[in-house]
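Trainee: Could you walk me through this structure, one question at a time?
Mentor: Gladly, let's look at it together.

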Amino acid sequence: MIARFLLLMLPGALLLTAQVPFDRILQADREPQNWLTYSGNVNGERYSQLTQITPANAKNLELKWVLQSRAPAESGSKYEATSLVVDGVLYTVQPPNVVVAVDAVSGRIFWTHPYSPVAAARACCGRVNRGLAILGNTLFMGTIDGNLVALDARDGHQIWIVPVGRPEAGYSVTVAPLIVKDKVIAGPAGGEYGISGFLAAYDPATGKELWRFNTIPRPGEPGNDTWAGQSWVHGGGSIWTTGSFDPALNTLYWGVGNASPDWNGTVREGDNLYTSSVIALDPDTGKLKWHFQFTPHDEFDFDSTQVPVLADANWQGRPRKLLMLANRNGYFYVLDRMTGEFLLGKPFVKVTWAAGLDAKGRPIRVGHSTPDGMVIYPENQGGTNWYNPAYSPRTGLFYIPSWMDTHSINTSRNDEYREGNMYGGGTATHEMPGIRAGPINRRLTDSGFGAIQAVDPNTGDVRWQFKMVDVTDSGVLATASDLVFAGSREGYFYALDARTGAMLWKAMTGGQISAGPVTYSVDGKQYVSVPAGNDLFTFGLRE
Amino acid sequence: MNRPACLILVFAAFGAQAQEGHGVTTADIQRGAQIFFTSCASCHGPNGDLIPGVNIASNRFRRAQTDSELTDLVRKGIPGTPMPPGNFTDDQAFALVAYVRSLTNAPRSASGGSLPGDSARGKAIVEGKGQCGACHRFGGKGSFSGPDLTSIGASRRPAELEAKLLDPSASIRENNRPVRAVAKDGTVITGTLLNYDNYSIQMVDSTGKLRGLQIDKLKEYELLKTSPMPSYKDKLSAQEIADVVGYLGTLRDQPR
C-alpha cells in the first residue's frame, strides 16, 4: 500500500515548480487574466487587454464579493494596496501589513498572514501599504516599521525578514516592490523624518542587499555638491511608489520623493539631487544612467512619487520611446526615456509656483515657502500624488487622478533635526483633508475639486475631464475595451468611457477609495477589484 | 516568543480537578500547544512530566483549581520557585490553559516510553525508507500533500507523533483535512482543505497550488475522514517508530 500511495503522491512532489518566474511578469500582457505586478505590467501603464466588460455592458456590472478587514481600522491606516492576481488567487495587503490570499471568484480566504509592526514605527502619512510583488512562489512586502518580508505564496508562512531602515529614525516601507529579473527592488519612505533615502535591490532567496543607489548622494558621489554643507545628511529622497522597467533598454525608472526639511529650503541651498526627480538606473548594478529633476530645490513637498509610464508611441509624428509622468508639482511631463531628454511639460492643474518651464524643462521659479507664508497652487498634496495614472495605447491618452485648483499657504521655519521627530521645516495650510477624509463634505468646489483627466501626450492638452465634488485619492485603470475605472473620496467607483469621459456606471462603496483598481478573469469571466474604506470590493457582469 | 517563561507548574496529589464549563475549541487547544512548546516545554518537557513529582497531564494542581486560578498562575508565576511569570495576552493564557486541560484526554505512548528514540537513526528513516518527504515538507523542501513538518516538534507531544504514525486516520486536525473533488469532465482534484462553504471550496493541491473550486462546477466532492497517510505500524519496528518520534521531536525551526 505504501508503495502505491507514494506513487500517487510523487508526481505532485515533482511538480513543485515556481509559479511566477520573471518571464511571466515580463510578458504579463500575454496573460491578461492575471495581475502579476503593481502596474499590471513592468511598463507602468496599468492597462489591461481584457475586453469582456465594455462601454456597452458596463451598466450591468454588479457586486460579486467583498473582503472585509478582520480587525478594526487603526488610526491613520488606509487601504492603499494594489492586489495581485495569479491563476485565480488574489493577494492583497490590508492595512497596515496583513497579507491575505483570496479565492478571486468567491472572495473566500485561503490564508492570512498577520504582521504586527513594532511600536517604534513612524508614518507621516498613514499606516499604509501599497501592495505586494511576487516571484516564483514568494511574495514580497514592505512593512510600516521598515522591513522587507518574504512570504511563501502557497501557505503564507514567512521565509525571511530583513531591515531596510530603522523605524526609530522614521524609515518605513510602503512601496509595492518591483521584481526585475532576479532582484526585488524597493526603498524606504520617511522624508518627513529626515531620512537619507535610497533605492535598493534584494536577493529574493535571502533578502540580502545586492546594490543600493543613494537618492541623496554621499560625499564623493555625483550630485552631493547640490547640497549645501552637511544638509544632505537628512535630505529625504523617499521611495513611496513603484517604478517601471524597460527590458529592451535594460533600464529601471523610479520616482524620488521630496527634499527634507520639506518647506525650509534655506538650510539646504542647491538643487538637492536626486529629490523630486526620476532616476534611470541599470537594474543589474544600481548605477545611474540619467536623471531628470522636476522640482529643483523643492520647497513645497512635491515628491516625484508618481509611476513613470513607459510607452513606445508616435510622438508628434515620430516614433519615440517615451516616459510620461504626471507630477505632484502640477505639470505633466514627457521625456525621451533613452536619454532623459525633456520633450514636453504642461500644467494639468492650476500652477503658481512656477511661471513655466524652460527649454530643458527646468521650472521658472516664482514661488517659495517663506516665514510669513505664501499661497501656492497646487497645494502640498499636489496636482496628483502616489495614486497611479493609466495610459491606453489604444486611445493614446494618459489618465490622471487630479486635484484641481487647490492651494496651500506654505510657511517655512527652522526645525532642528531630532531622530524620529517630524522634520518639516514649516507647514502647509490647506483646505483639503490630507490623508483620510471624513464621510461628510461641505466644502465649495471653489477651493478645489477632484477630476479624472485624459491628457494627450503629444500636446499636454486635456481632452476630457470627469469632475467630482471632492478630490480623489484613487488610482486609474484603463482597458482595451476603452474603459477607464477610477474612484472617489466619496466612495463612488466609476466606469468611464476612455475616449469621452462619459460616466457609464457607478457603485457606492461607502468608503474612501484610495487605491488602484485591477482587473482579471477566471474561467472566462472578467472582474474589476478595488479597495474602498477598509474593505476590498470586486465587481463583475450580471449573469 | 523567546522563551519568556519556563512555566514550572506545581502539582499535587490532592486538590479537586476543576473544569469550568466555558467553550474551548480544538483550534484553541492547538494554539495553546504551540505556546506550551515555545514557552513551557523546555522545563516541563514535551509530555509535561519532566520535573519529578510534577505531571501537567494529570490535570491536578496544588495551587490552582479553576481555570481562572490556572490562568493567574501561568501569568504571575509562583514566587519562591523557578516558575517565572509569563507575559501572555488574555487569548494566549486562555489557549494555554485549554491545552493543559486537554492533556488528560491526550493519547498515551503505546510503548509507555520504554523505547527511547535515537534521533539520528530517526532522521535516516524519515529521509530514507520512510519516504516522508514525498508528502511532507521539511525546511521548505518536499510536497504539499501533507503538513509541513519543519517545526512539528514545537507543537506535538511524542505520544501524539507516535499515535499518528501508527494510526494516521484516528485523528485528523481540521487544518490537515484531505479533500477530493471530481469536476464535471471527470478530472479528479485532491488536496488539503483550506476553507469552504455551500458554494465554493478553497484548497491547496500537492504542488502547493492554491485552488478555488465552485461547487456547481463539480460532479461531486468529499471532505475525507481518513488520512491518505499509510500506517507505519507494520512498516517500521517499534524501535524505528521511537527513533522517528525522537527525530520529529527535534524539529523546531520556523518553516522556511
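**Strands, cores and a helix**

Trainee: Which residue in β18(A) is the bridge partner of S277(A)?
Mentor: Keep in mind that this is a predicted model. β17(A) pairs with strand β18 (residues 288-293) of chain A in the antiparallel sense, over five bridges. Within that pairing, the partner of S277(A) in β18(A) is Q293(A).

Trainee: Which residue takes a positive phi in the hairpin of β17(A) and β18(A)?
Mentor: Look between the two strands, where the hairpin has six residues. The phi in question is near 80°, and the residue that takes it is G286(A).

Trainee: On its other pairing, which residue of β17(A) stands opposite L252(A)?
Mentor: Strand β16 (residues 251-255) of chain A also pairs with β17(A), in the antiparallel sense over four bridges. Opposite L252(A) you will find L281(A).

Trainee: How many residues of β17(A) are buried?
Mentor: In a regular strand, side chains alternate between the two faces of the sheet. Here S277(A), I279(A) and L281(A) point one way while V278(A) and A280(A) point the other way, and all are buried. For strand β17 (residues 277-281) of chain A, then, the count is five of five.

Trainee: Which strands stand at the edges of the open five-stranded sheet in chain A?
Mentor: The order in that sheet is β1-β32-β33-β34-β35, with mixed pairing. The edge strands have a single partner each, so one side of each is left without a neighbour in the sheet; they are β1 (47-48) and β35 (503-508).

Trainee: And which residue in β33(A) stands opposite V476(A)?
Mentor: Strands β32 (residues 476-479) and β33 (residues 483-487) of chain A run antiparallel and are joined by three bridges. Across from V476(A) is A486(A).

Trainee: How many residues are in the largest nonpolar core?
Mentor: Nonpolar side chains tend to be buried together in soluble globular proteins. I134(A) is among the residues with the most contacts inside this core, and the residues it touches include V20(A), L84(A) and A153(A). A second, separate core, with I35(B) and L70(B) among its members, has 21 residues. The largest has 153 residues.

Trainee: Which helices do the buried residues of α4(B) pack against?
Mentor: Helix α4 (residues 90-102) of chain B has 13 residues, which should span 18 Å, and its end C-alpha atoms are 18 Å apart, in agreement. Its buried residues include L96(B), V97(B) and Y99(B). They pack against α1 (26-39) and α3 (67-76) of chain B.

Note on methods:
Residues are numbered from 1 along each chain as its sequence is written. Chains are lettered from A and ligands numbered from 1 in the order in which they are written. This is a predicted model: local features need pLDDT of at least 70, side-chain atom pairs count only at pLDDT 80 or more; totals for chains, interfaces and linings use all residues. A nonpolar core is a set of buried Ala, Val, Leu, Ile, Met, Phe, Trp, Tyr and Cys residues joined through C-beta atoms within 7 Å. A residue is buried if 20 or more other C-beta atoms lie within 10 Å of its own, exposed if 12 or fewer, and partly exposed in between; C-beta atoms are placed from the backbone. Two residues are in contact if their C-beta atoms, placed from the backbone, lie within 7 Å. The expected span of a helix is 1.5 Å times one less than its number of residues. Two strands pair if DSSP finds at least two bridges between them. Lists of a residue's contacts leave out its neighbours within four places in sequence.
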